[in-house]
Amino acid sequence: MTSSRTAPGAINLGHQGFGAMRLRVTDSADPDRDPVRVIDAALDAGVRMIDTADVYQNEDLVGRAIARRRDDVVLASKFGLVWHDDVARGFDVRADAEYVRQACEASLRRLRTDRIDLYYLHHRSDTVPIEETIVAMTGLLDAGKIGAIGLSNVTAEDLKRAHAVHPVTALQEQWSLSARSIESTLAQTAAALGITIVAHSPTSHGALHEPRGHVTDDAKQATLREIAAAHEASVGQIALAWVHSRGPSYGADVVPLPGTTRVGHARANIAAASINLAPAELARLDDAWSMTT
């Protein structure tokens, strides 16, 4: 097993990450759907952070995919969600110190590495104080098992309490044109604490993707189509470029985390990072996709 070159306190997440949540082993003969090729395409295009979680049940796959280029990867994973097999979408949260250590060791084995560069608590616990969880994660830092601490699905108060125990490197929350609740408090709190915001589902799990030329009467989609046409881009790329624009608005580092199961889509997502939306275009998108709509 090998570790990355990322040092604690100096983690570089890059400009855009890759979310591996939907990657699965496939018997498809289509090379565009080969999960290893998808991850390679992202890394070849300059992506640094590959993000997964134990609950995604694909850490073995991700570990195999990055093994030959581990030093090129900022590897992120998450712990804390324990699914119920008998309840649709039901889960418990385990965030106690013993489970933190157990979960990390299990993920390290599956990922075939001795270090997870960015390790997240996947969801806040209603029973275990977040300070207790952070102390346990700090122990993993001291042991060299992880390189940085992240939080996901937490409140602004959780974030402040956790950061008071040990600096939190990243906050992962959903942020897209159609999911903007982070803008009410969390984004400002993260910015004030110097915490990078990793914006997962920046195209709302693909709902904001639409082939160019598709006709719809929805004013929001019409705005996306018009701006996409001006940039010779897809509406999904414009939606992703909008998330890239959020950083300066909040004085925070914002790293969008799109995911896909296709090589072509991965390359299109990465290309969106180079689209510069004009202030007037950003204003149109903000108006069409306001927080109250």
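The largest cavity is lined by Q16, G17, F18, A42, V47, P258, G259, T260, A266, N269 and I270, where a cavity is a set of points, on a 1 Å grid over the protein atoms alone, at which a 1.4 Å probe fits but cannot get out, and lining residues have an atom within 4 Å of a point. This is a predicted model, in which local features need pLDDT of at least 70 and side-chain atom pairs count only at pLDDT 80 or more, whereas totals for chains, interfaces and linings use all residues. Residues are numbered from 1 along each chain as its sequence is written, and side-chain values use heavy atoms, with hydrogens and water left out.

**Cavity and pocket**

The volume of the largest cavity is about 50 Å³, a volume being the space filled by probe spheres set on the points, with grid points joined across faces, edges and corners. A search of the whole structure finds 1 cavity of 30 Å³ or more. Helix α10 gives the most to the lining of this largest cavity, with 3 residues; helices (H or I, at least four residues) and strands (E, at least two) are DSSP runs numbered from the N terminus. By class, the cavity lining has 6 nonpolar, 5 polar and no charged residues, where Ala, Val, Leu, Ile, Met, Phe, Trp, Tyr, Cys and Pro count as nonpolar, Asp, Glu, Lys and Arg as charged, and the others, Gly among them, as polar.

A pocket, by contrast, is an open set with protein on both sides within 12 Å along at least five of seven lines. The largest pocket holds about 1,100 Å³ of space and is lined by 43 residues, of which M21, R22, H200, S201 and H205 lie nearest its centre. At least two lining residues each come from β4 (81-83), β8 (170-174) and α10 (263-271), and α10 gives the most to the lining of the largest pocket, with 4 residues. That lining divides into 12 nonpolar, 23 polar and 8 charged residues.

**Helix packing**

| Helix pair | Angle | Axis separation |
|---|---|---|
| α2 and α3 | about 50 degrees | 7 Å |
| α3 and α4 | roughly 40 degrees | within 8 Å |
| α4 and α5 | about 40 degrees | 9 Å |

The angle between α2 and α3 makes α2 oblique to α3, given that angles under 35 degrees count as roughly parallel, over 145 as roughly antiparallel, 65 to 115 as roughly perpendicular and the rest as oblique. Their contact (heavy atoms within 4.5 Å) is made by E59, D60, V62 and G63 of α2 and S107, R110 and L111 of α3, and it has 2 nonpolar, 2 polar and 3 charged residues.

Helices α3 and α4 are likewise oblique to each other, and α3 passes α4 in a right-handed crossing, the term for a near helix turned clockwise from the far one by less than a right angle, with left-handed used if anticlockwise. A97, V100, R101 and C104 of α3 meet E132, T133, A136, M137 and L140 of α4 in this contact, which has 6 nonpolar, 1 polar and 2 charged residues.

Helices α4 and α5 are also oblique to each other, and their crossing is right-handed. I130, E131, I134 and V135 of α4 make the contact with D158, R161, A162 and V165 of α5, and its residues comprise 5 nonpolar, no polar and 3 charged.

Note on methods. Axes are lines fitted to C-alpha atoms, for helices over the stretch in contact, and angles run from 0 to 180 degrees between N-to-C directions.
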